[in-house]
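Biologist: I would like to walk through this model with you, one question at a time. Shall we look at it together?

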Amino acid sequence: MQNVFPGEVFANTADFDTGIRQLLPRYDEMLEVITRCLPSTSRRILELGCGTSELSLKILNQCPHAQVIALDYSPRMLQFAQEKITAAGYQQRWTGIQADFGDWANNPESLDIGSEFDACVSSLAIHHLQDEMKLKLFERIAASLTQEGCFWNADPTLPESPALAEVYKAAREEWAVQQGISLTEIRAKRGASSTQGYSSQDQLASLDAHLQMLSKAGFQTVAVPWKYYGLAVFGGWL
Ligand SMILES: C[S@@+](CC[C@H](N)C(=O)[O-])C[C@H]1O[C@@H](n2cnc3c(N)ncnc32)[C@H](O)[C@@H]1O
């Protein structure tokens with residue numbers, strides 16, 4: 001099996017955009033919730049773990065004045081993202097940077113991206129960090145936002161009980177079948193991943209633990225604008 005970084009998911013990067021929509025229920029809706037939570041006047045937006053740029057593209061469509069600084073540590077994902085951004089004509093408003101956001105959390109000087117972001121966003125990436133690093137990252141994000149800044153993250157969360165873990169699993173199976181494929185068939189396209197930098201395979205935390213970390217990091221208002229079985233969009237404002 002081809003080795004990939006945690007979060008790249010598929011052995012072949014070109015399979016990501018279709019595969020993730022089969023693997024996860026309501027992927028587009030989840031990303032759209034993030035874009036709706038952003039002020040449309042946002043000018044500087046930081047994205048962590050941009051992957052193939054699906055969230056970036058939605059944001060660039062929704063926020064006409066925004067410049068997106070997009071971090072990802074995978075050169076394959078960044079290259080794929082850059083091609084899509086260029087094809088969509090957004091190359092002047094999007095900068096892809098190859099970096100580990102765990103490094104940035106620990107040592108902000110290592111990355112010359114500045115601060116004063118109107119918003120920070122992320123989807124399906126931060127759950128690869130251990131909880132201690134999630135908190136550090138949330139603190140770094142809080143320190144990098146303007147006074148009115150907001151942060152929105154979409155991620156899988158730890159099921160609240162074993163019974164609910166079964167319910168969430170069944171919902172994903174059913175979703176895949178509705179897409180005309182089984183989870184086993186989708187999973188056959190996955191790559192094998194081990195630890196890379198600060199990320200490893202899923203390091204899920206409960207939704208409650210995430211909200212507590214956000215408060216501890218300095219977010220005054222924390223919210224969960226969307227939850228669908230084990231997936232959630234959560235974040236807030238300083
Ligand atoms: C599942 S993909 C999600 C991509 C995109 N946000 C989306 O929702 O389609 C996760 C991405 O996070 C990146 N990633 C994971 N851990 C990272 C880290 N520590 N630093 C930078 N990028 C990371 C992976 O390379 C991958 O592109």
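Biologist: Which residue of strand β2 is the bridge partner of glutamate 47?

Modeller: First, residues are numbered from 1 along each chain as its sequence is written. This is a predicted model, where local features need pLDDT of at least 70, side-chain atom pairs count only at pLDDT 80 or more, and totals for chains, interfaces and linings use all residues. Helices (H or I, at least four residues) and strands (E, at least two) are DSSP runs, numbered from the N terminus. In β2, the partner of glutamate 47 is alanine 70.

Biologist: In which sense, parallel or antiparallel, do β1 and β2 pair?

Modeller: Two strands pair if DSSP finds at least two bridges between them. Strand β1 (residues 44-48) and β2 have five bridges, and the sense of their pairing is parallel.

Biologist: Which hand does the β-α-β crossover from β2 to β3 have, right or left?

Modeller: Picture the strands pointing away from you: if the path from the first strand over the helix to the second runs clockwise, the crossover is right-handed. From β2 the chain passes through helix α4 (residues 75-87) to β3, and this crossover is right-handed.

Biologist: How many of the six residues of β2 are buried?

Modeller: A residue is buried if 20 or more other C-beta atoms (placed from the backbone) lie within 10 Å of its own, exposed if 12 or fewer, and partly exposed in between. Strand β2 (residues 67-72) is largely enclosed by the rest of the structure, because the number of its six residues that are buried is five.

Biologist: Within what arc do the buried residues of α4 fall?

Modeller: Those residues are Met77, Leu78, Ala81 and Ile85. The arc is taken from the directions from the helix axis to the C-beta atoms. Seen down the axis of α4, the buried residues line one face of the helix, because they fall within an arc of 95°.

Biologist: And which elements do they pack against?

Modeller: On the other side of α4, Pro75, Glu83, Thr86 and Ala87 are exposed. Residues are in contact if their C-beta atoms, placed from the backbone, lie within 7 Å. The buried residues of α4 pack against α3, β2 and β3.

How values were computed
Two residues are in contact if their C-beta atoms, placed from the backbone, lie within 7 Å.
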